[in-house]
Amino acid sequence: MSSIRKIKTTDLELKDRLVAVNRVTKVTKGGRAFTFSAIVVVGDEAGVVGYGLGKANEVTTAISKGIEDAKKNLIKVPVIHNTLPHAQTAVYGGAQVYISPASHGTGVKAGGAMRAVLESVGVKDCLAKSKGSSNPHNVVKATIEALAQMRDAYTVAYDRGVSLDKVFKG
């Protein structure tokens, strides 16, 4: 996992996207106690993305806690010409995701939680498919895992210790 690079938030202009809000009920002796959990994705739309989970008694507080948590878990993703460098699959829990690059003008063909992550990272053209569980928490985590495994040609050449044209000649 050498491709995962942590990012400092001080010099970034991050935009947040709310993926899902969940109302949680705890039954106590005095009745039902309601709390909220929110999963939030933040990104600078230029290759940096992170997700966070916030829990609180009010929705707005849960969202702000999620944003703060997301800023602590940022990763750098290679985005080349507004798309991804290669196709990638990942699994987290019951969620399986597949993301692949697409030609210019295709748009982000993804649903729900995957769309929020891909748009936050700055991808404008890609194809994505989610199989298995549609639980937003696991879909977001699987998508982030797939993006963390992405490597561009420059990184591959550097890791192998060869020139860039040797990577393509194989």
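## Helix α2 and its burial

Helix α2 is largely enclosed by the rest of the structure, because seven of its ten residues are buried. Buried means under 20% relative accessible area, exposed over 50%, and partly exposed in between, with a 1.4 Å probe and protein chains only. The buried residues are Ala113, Met114, Ala116, Val117, Leu118, Ser120 and Val121. Glycine 122 follows α2 and has a positive phi, near 105°.

This is a predicted model: local features need pLDDT of at least 70, side-chain atom pairs count only at pLDDT 80 or more, and totals for chains, interfaces and linings use all residues. Residues are numbered from 1 along each chain as its sequence is written, and side-chain values use heavy atoms, with hydrogens and water left out.

## α2 against α3

Two packed helices are described by the angle between their axes and the distance between the axes. Helix α2 (residues 112-121) packs with helix α3 (residues 136-148) at about 35°, and their axes lie 8 Å apart. Axes are lines fitted to C-alpha atoms, for helices over the stretch in contact; angles run from 0 to 180 degrees between N-to-C directions. The crossing of α2 past α3 is right-handed, that is, the near helix is turned clockwise from the far one by less than a right angle.

From α2, Ala113, Met114, Val117, Leu118 and Val121 take part. They meet Pro136, Val139, Val140, Thr143, Ile144 and Leu147 of α3. Contact means heavy atoms within 4.5 Å. By class, this contact has ten nonpolar residues, one polar and no charged. Ala, Val, Leu, Ile, Met, Phe, Trp, Tyr, Cys and Pro count as nonpolar, Asp, Glu, Lys and Arg as charged, and the others, Gly among them, as polar.

## The mixed sheet

Strands β5-β6-β8-β7, in that order, form an open sheet with mixed pairing. Its edge strands are β5 and β7 (108-109), each pairing on one side only. Two strands pair if DSSP finds at least two bridges between them. Strand β6 (residues 95-101) and strand β8 (residues 126-132) run antiparallel, joined by seven bridges. Isoleucine 99 stands opposite alanine 128 in β8.

Both helices lie on these strands. α2 lies across β6, β7 and β8, at about 145° to β8. α3 lies across β5, β6 and β8, at about 140° to β5.

## Glutamine 88

Glutamine 88 sits in strand β5 (residues 88-92). It counts as buried because its relative accessibility is 14%. Its side chain makes a polar contact of 2.7 Å with that of glutamine 149. Such a contact is a pair of N or O atoms within 3.5 Å; within protein, one must be able to donate a hydrogen and the other to accept it, and residues adjacent in sequence count only if both atoms are side-chain atoms. Beyond its neighbours within four places in sequence, glutamine 88 is in contact with Val97, Tyr98, Ile99, Ala146, Gln149 and Met150.

## The antiparallel sheet

Another open sheet has four strands in the order β1-β2-β3-β4, with antiparallel pairing. β1 (15-28) and β4 (74-76) are its edge strands. The twist averages 15° from one strand to the next. Helix α1 (residues 59-71) packs on this sheet, touching β1, β2 (31-43), β3 and β4.

Three bridges join β3 (residues 48-56) to β4. Valine 49 stands opposite isoleucine 75 in β4.

## The whole chain

The protein chain holds five helices and eight strands. Helices (H or I, at least four residues) and strands (E, at least two) are DSSP runs, numbered from the N terminus. Of its 170 residues, 37% count as buried. The C-alpha trace spans about 70 × 35 × 30 Å along its principal axes.
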